[in-house]
Structures are given as C-alpha cells and as structure tokens.
Amino acid sequence: MSRIAPEGLRSHQWFGTDGIRSFSHKARTRQLGYLPEEHLGKPVVAVLNTWSDINPCHVHLRDRAQAVKRGVWQAGGFPLEFPVSTLSETFQKPTPMLYRNMLAMETEELLRSYPVDGVVLLGGCDKSTPALLMGAASVDLPTVFVPAGPMLPGHWRNEVLGSGTDMWKYWDDKRAGLIGDCEMGELENGLARSPGHCMTMGTASTLTAAAEVLGVTVPGASSIPAVDSGHERMAARSGLRIVELVWQQLTLSKILTAEAYEDAVATVLALGGSTNAVIHLIAMAGRSGVKLTLDDFDRIARTVPVLANLRPGGKYLMEDFHFAGGLPGFLSRLTDVLHLDRPTVAHSSMREQLDGAQVHNAEVIRERENPLAAEGGVAVLRGNLCPDGAVIKHIAAEPHLLTHTGPAVVFDDYREMQRTINDPALALTPDHVLVLRNAGPQGGPGMPEYGMLPIPDYLLKQGVRDMVRISDARMSGTSYGACVLHVAPESFVGGPLALVRTGDLITLDVPGRTLRLEVDEEELDARRAAWTAPPPRYGRGYGALYQDQITQADTGCDFTFLSRQGDVPDAYAG
C-alpha cells in the first residue's frame, strides 16, 4: 500500500512551514519540553482518554494510555494524550445517554482543531464507545479503538455473578423476602471485583464487540478482561498500528462502510446483545453517511441465530467467551452472512483477519446446529402504539409473555411509578401490562434506563418474575424480561403512548412483530385532540440544546445539526 510523504501529514500544516504560525507552534512545543526531532515529520497521534476517578469501567485507562503511547513511540510516531468527558453508567444522572452527543461533539471538535494525524480512542462503558466513534467518523482520520474490557467475574457463596444481571435478580429476591440485608452486603462486595465494564453481554460488551466487527480494533480486543496482561499488550499493539494507518492514510470512512454496519448488526443480534445497540448503531451509521434503519435490524434478525450463551440471555460471562475464542472465534461461525472482503484497521480484509480463528468451547459459543435461539435476539415491533417502531429483547423474556393481551396500568413518570407500584389498591395481576411514559429522549430527559419496570413486591412474593412492560425508555443491556422499549415517537412529543389510559387492552405479538392498543381510531382521535404538550424540561444550557436538537429513538437520538450532511471548513487557516 502506498504511503504519504512527511509533508503530507496533517500536522505538517502546524509545524512544517516557514510562517510565523509555525515558528510560534514550534516555540510552544519546546515550552512543553519536546525536542523538534521528537515530533517533526512524524505522525502525531491523539490518544483520547475517558479515564476518571468516578468511572469504574475506565479507572485503569490511565495505565492503558501509557501502553498506547509506548506503541506509538516504538512505531516512530508522536503521541499526545487528551482527556475527554467520561460517561459513567453508574454515577452520571439523569443518564449518560443525555451526554453521549456531548462527548461525540467534544471528540469531533478536538480532533478537528488540533495538529493530529490519527487517533486512538479509549473507552468502553456503554455510551462512550458510540460517542467516540461518532465524533471520530465525522472527522475521518485514521482511527483505532481500544476497548476498556470486561471486569472479572463476580463471586458470592460459591456462585459466579454477572453485573448487573445478578444485581437485578437478587434485588428482586430481596424485595420478595428471600434474602436479607446480610446477603445484600455480601453481594455488594462480590458483584464488581475489578476495573472494567460489565462482564455480561450488556451494552458495553455489545458495543465493543460491534466496534471489533466494524473493523476499528485490533483482532480479539473486545473480550480481553480489563486486568489481564493481554489487555495492556492489546493497547500497545493499537499504538503500533495507528502509526502505520497514518502513513497509509487508511481513514475511518474506508473502514466504516455500509457492509461493515450490516455485519455489526448481524453480530449484535447473534450475540443476543443489548437493545441499546439499535439506537447507537443507527446513530454511528448516520455519522458515516450510511442509512441504517429498524427494518434492517428486523430483516437481519431473521437470518442469524443466537450463538453466544452469555448472560442475561444465557449462562456464561465475558471471560468464558474470551477463552472460548473471543469475537474472532464467534465470527468464524457466521462467515456465510458476513462481508469478508472489506478492510479492517489490522488487515486488508476481514477474511484475512479471521483466518485461523477457532472456537474452543462449543457450549459458550454454540454451533449453528445448536443455537441458543433460532433467530437474532432483538425483535422490532410495529403497530398503532409504536408507528415508528419499538424493540424487545425477546430471548430474555419468559416465552409465555411473547403473545399476550392484558389491561394497561399507566404511570406518567418514573417517580410516580416508584411511589405507587407497590400500592395494593392498584390490584395488579401477572396479566396486567405496565406502561411508563415521559421517559423518552425528551421526556426522560435523555431516555434513561427505566424500561425494566419493577414488578410489585406482592407479586414477587407470589413467585412472579416477569410481566409485559412498555415504555419509551431504554433498559440496561444487562436487564431481562418482557420489556418493550424505545416506543417511537415518544409520549412527551405526543406519540400514541401519551393516549393510553389505565384499563385499555394492549396486545403484544412478538412472532407477528406487532404492538397494538385495542382502542378504536375514533376514540384515539378524540384523546389526541384533548392532549396538551408538557412544558420543556430545560430553559437554558446544554439541556436546552439537547431538547431542541435530539431526534427520536428510531433515528438514533443524534442531534439534527450533527447528523445532517454538510461540509466543514479546514480547521487550519495558517
């Protein structure tokens, strides 16, 4: 492959000319303590680090950034580390989804405005992966992504725990009176034992696997446990690789093609991955100029089985998956549905990248003849309650609920639901359909993970562990249950969910891919005419920008001014 000359480097505009600006830039690099021979004529690589003291998924990334920089130096490049926003799924409220697009903007503008030739992105906690890649795609530099990696498996009383799947399970057990405060205290100590993101096939593992199949990581990167020494070696290898990508000018747009996104969808569905990937991949594809829709997910879901026996839909955890062959081994089971001739950051083709990949444990990574489920793990629903679509992770629901008609019980907001869900006066039964509204992109605000509505304590004590639940919210990828999510358009902007009343019958038919409110159109028209829009959530600040610009779930929840096509002038004006 041809290589550019040093004069073709983007950073040459800052450092390699004879003008006053170049003189000033070189003087200031000396102020930073750098010798000219350290950086002049070499690829300058930005290392974007989402590390922080409040993000347990990324708390080890300060060390991994050093490994990346070591690789860059060894390959003859010049690394510069940039701290960027950290999106901590655990601690950031009302939801880090509110700030995904802010990190995407920060990534884009930082890369556009500084003298960098390529970038290594460090992230992994749910929203950081799509945010970093969305911003990088909008700039289109050579790019490598370094996943944060899953944490070690949890342990409690000889049980192997998966966060947060077992968090939900044991919290319900506590509410049902099966365990007490002593057990919960022990679980707190055993659930999350190391740095790294959730070690189930939740949103973090789903999105980092998507990044790997998209071709923007080195092979096998997405499943390496965060504290494994192999993770540091992977980071160093990523630093080595980015320098070569700069010389080759293999930019992100040459990797993130329509075929790559189709393969990412197929992989996510065959993994039984998080429903959140639907929103994020649609947004990421939009930044790459690729049209990806809910219909693509539903179409591809019918062509791939679920082969990853991973929680919450299966039995095992990410460390098991890694040693069973990781994503390369997993993809070797899907070669007939993948586009194998597209390039990746590590190889000239995905075919070459998968050469020699093997599966070492057929119980963790199932054979095609023995799938966990016959079709992909997410179903897209349509109907008069969700004209623009909704999704359900049906492999994580009790099968008898996948075809269900029941009376609605409506909650207008999450706090009301929390306050009243255990009120015996509601007289809830397992046949009821719990409906939460005003939890979408604008209503949440930020579309929080409220979609796994709690089952009333008195039903839990009767042994009920699943009910049909419907909302315009999202749910954690580690969650489970018959939860219909991402109802679009959302209730806050007048979508049909805003018209549902307690007692209305709702029909869920997952095999038929429908979600229907059993109320005639004349009555719905009358309710629609009487509906009044709620006041905006924000009067100023980033929140006001968010509510003015956010799109609905079916189009990726990006900002309209970021997702539209258009030219951006060269940042360097001399």
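In β2, L48 has F82 as its bridge partner. That one pair is a way into a predicted model. Local features here need pLDDT of at least 70, side-chain atom pairs count only at pLDDT 80 or more, and totals for chains, interfaces and linings use all residues. Residues are numbered from 1 along each chain as its sequence is written, and side-chain values use heavy atoms, with hydrogens and water left out.

Some terms come up throughout. Strands (E, at least two residues) and helices (H or I, at least four) are DSSP runs, numbered from the N terminus. Two strands pair if DSSP finds at least two bridges between them.

Now widen the view from that pair. Strand β1 covers residues 44-49 and pairs with β2 in the parallel sense, over six bridges. Both belong to an open sheet of four strands. The order is β2-β1-β3-β4, and the pairing is parallel. At the edges stand β2 (78-83) and β4 (143-147), each pairing on one side only. On average, neighbouring strands of this sheet are turned by 20° against each other, direction ignored.

Is β1 enclosed or open? Six of its six residues are buried, so β1 is largely enclosed by the rest of the structure. Buried means under 20% relative accessible area, exposed means over 50%, and partly exposed lies in between (1.4 Å probe, protein chains only). Both faces of β1 are covered. V44, A46 and L48 are buried on one side, and V45, V47 and N49 on the other.

Angles run from 0 to 180 degrees between N-to-C directions, and axes are lines fitted to C-alpha atoms, for helices over the stretch in contact. Helix α4 (residues 61-74) lies across β1, β2, β3 (118-123) and β4, and runs at about 160° to β2. Helix α5 lies across β1, β2 and β3, running at about 160° to β1.

Which helix does α5 cross in a right-handed way? The partner is α6. A crossing is right-handed if the near helix is turned clockwise from the far one by less than a right angle, and left-handed if anticlockwise. Two packed helices are described by the angle between their axes and the distance between the axes. Here the axes of α5 (residues 100-113) and α6 (residues 128-139) come within 7 Å and cross at roughly 35°. Contact means heavy atoms within 4.5 Å. On the α5 side, the meeting residues include L103, A104 and T107; on the α6 side, they include A131, L132 and G135. The residues of this contact divide into nine nonpolar, five polar and three charged. Ala, Val, Leu, Ile, Met, Phe, Trp, Tyr, Cys and Pro count as nonpolar, Asp, Glu, Lys and Arg as charged, and the others, Gly among them, as polar.

F145 lies in strand β4. At 0% relative accessibility, F145 counts as buried. Leaving aside neighbours within four places in sequence, F145 is in contact with L121, G123, G124, T129, L132, T208, A211, V216 and T217.

Strand β10 (residues 433-436) pairs with strand β11 (residues 468-471) in the parallel sense, over four bridges. V433 has V468 as its bridge partner in β11, and V435 stands opposite I470. Strand β9 (residues 403-411) also runs parallel to β10, joined by four bridges. There, A408 has V433 as its partner in β10. Both faces of β10 are covered: V433 and V435 are buried on one side, L434 and L436 on the other.

One last stop is a loop. V306 lies between α13 (294-301) and α14 (318-323). V306 is buried, with a relative accessible area of 0%. Not counting residues up to four places away in sequence, V306 touches residues including L269, P371 and I395.
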